[in-house]
Amino acid sequence: MQKKQIIFTITVLCLIVLLFLITAGCVRDELRLISEKLNDYEITLSLHTEDNTLSGHTKLRYTNGSDSSVSALEFRLIPNAYREDAKNPAVDKTARNEAYPDGLSYGGITVTAVKIDGETADFSITGDDEDVLSVPLGKELFLNDSTEAEITYSVRLANVRHRLGYSDGIYNLANAYPVLCYEENGTFIRHPYTAIGDPFVTPAANYSVTFIVPEGFTVAHSGDLKEKTVSDGSVTYRFEQKCIRDFSLCASEKFSVLSAVKDKTEIKYFYRKDSDPDSTLRLISDCFGFFSSSFGKYPYGTYCVAETTLAAAGGMEYPNLVFVSDDLKRDSFNKVVIHETAHQWWYGLVGNDQFNEAWLDEGLAEYSVILFYKAFPDYGDAAETLKNSYKRYKLFYDVIINYKKDLDTSMSRPLTDFPNAQSYAVITYLKGMLMTDSLYDTVGEKRFSKALRRYFEAGKYSIATPELFISCFEKEYGSDMKKWFSSWLNGNAVIG
């Protein structure tokens, strides 16, 4: 009998190991198969701390995936939002004193050369705010036709506590390179930069990035670290990752690093001021593991959290990397860590139009904090957080409605339609979370969880739409929910 039990136990263990290997292999195969249909970025960036600039070279292998022909490529030049004369400046005027503690500072990007398929090409800087690089191809690309564009450029960094810039010995390097504009049926969409929200719509692509920094710098990063070499006072990092939306970095000589492994992913915490980094790393691991098991498996090998200099925003999300402000008090800091980690699923894996439908990722990320608190009450009180959120929304509504009778509380609108940062935060984050909580109560916990997993599977690696989100809940709920969603998204829902 004992021998049979031993054989049975060994058999079960073998099956568990086999299932784990099959699951891990499926994730790798999924990334490989998806990546074959995506554009490829090969980027080299060098950080020059003596004058706070970047020199860069980007090679994009582009394939036309639409039925419409393409005769030119258009790239967003996000660093130009930091120019002195920018029409749409990167930092909201209400946050300038906090963002520029050393006084106003300016940056920008200069494109010096462009090649198409190895030949020197004409180009122009266009857009309403000198924020688009237009490159005529000299030919038409039809479905599945490909071309290779090379761009050489330099970036002047502003002294600013923001997503792109330097402050207090830390370099935040997000949106630092020319990135292809979002494309719909052969047309490139030129969304303006806005200081409010995240004015981005970014399809997944494959990235290979070489980053050169002075020796002594530690680098938080998107992608997986493949190689690190030291030579003549500089360090060269090489990162790679398939199927991610963009690529960001955060570099400093002041960082310390802690790491852990969760569900085959290396979690790295880069910190400077944190007085209890071990607790922070434990929080990151716990919420990462919870989201992976609740929403869908995280397919990448690395996730980095950087405690860095940010003003007006508690955190910023990027694939495999998030920034968290070093000015936050502990409770707020922890909540931002959870929220930004949730963005690895809602934005990072399941993309959306953050310019026109910001509620879709922000509302889900906020409510993911509530779900985590329910599962791990030692980190926060879900019921109390929801109660306070309802009070905050009601206070905002009551105050504003007293002097503005036509208050717009619609959620589905472009960033340019929000009058200020406060309105954006309340409608997108707070109301988005409250809508999701009401959705949870309407469909029930079991159907809610199944609908979220359905949405994750249907939307990952793509630009998901509100229609997809709604349809996933309709399928699990078994009934038409369009009127229910419409009352929230159009501003008709009464929140008591």
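Which side chain meets Asp-274 in a salt bridge? The side chain of Arg-330 does, at 2.5 Å from N to O. This is a predicted model. A search of the whole structure finds 27 salt bridges. The points below cover some of these pairs and helix 3.

- Asp-274 lies in the loop between strand 20 and helix 3, while Arg-330 belongs to helix 4, 56 residues apart.
- Asp-274 is buried because its relative accessible area, 10%, is under the 20% cut-off.
- Arg-330 is partly exposed, at 32%.
- Asp-326 and Lys-273 also form a salt bridge, with an N to O distance of 3.9 Å.
- That pair joins distant parts of the chain: Asp-326 sits in the loop between strand 23 (321-325) and helix 4 (330-342), and Lys-273 in the loop between strand 20 (265-271) and helix 3.
- Asp-326 is buried at 9% relative accessible area, whereas Lys-273 is partly exposed at 46%.

**A further pair**
- Glu-36 bridges to Arg-32, with the closest N and O atoms 3.5 Å apart.
- Glu-36 counts as exposed at 57% relative accessibility, and Arg-32 as partly exposed at 40%.

**Helix 3 and its packing**
- Helix 3 covers residues 277-294 and reaches 26 Å from its first C-alpha to its last.
- Of its 18 residues, 13 are buried.
- The axes of helix 3 and helix 5 (residues 359-375) come within 11 Å and cross at roughly 105°, so the two helices are roughly perpendicular.
- Residues in this contact include Leu-283 and Phe-290 of helix 3, and Leu-371 and Phe-372 of helix 5.
- By class, the contact has seven nonpolar, one polar and one charged residues.

Conventions: Residues numbered from 1 in each chain as written. Predicted model: local features only at pLDDT ≥ 70, side-chain atom pairs only at ≥ 80, totals over all residues. Heavy atoms only, no water. Helix = DSSP H or I, 4+ residues; strand = E, 2+ residues; numbered from the N terminus. Expected span 1.5 Å × (residues − 1). Buried < 20%, exposed > 50% of the residue type's maximum accessible area, 1.4 Å probe, protein only. Axes fitted to C-alpha atoms, helices over the stretch in contact; angles between N-to-C directions. Parallel < 35°, antiparallel > 145°, perpendicular 65-115°, else oblique. Contact = heavy atoms within 4.5 Å. Nonpolar A, V, L, I, M, F, W, Y, C, P; charged D, E, K, R; others polar. Salt bridge = Lys/Arg side-chain N within 4 Å of Asp/Glu carboxyl O.
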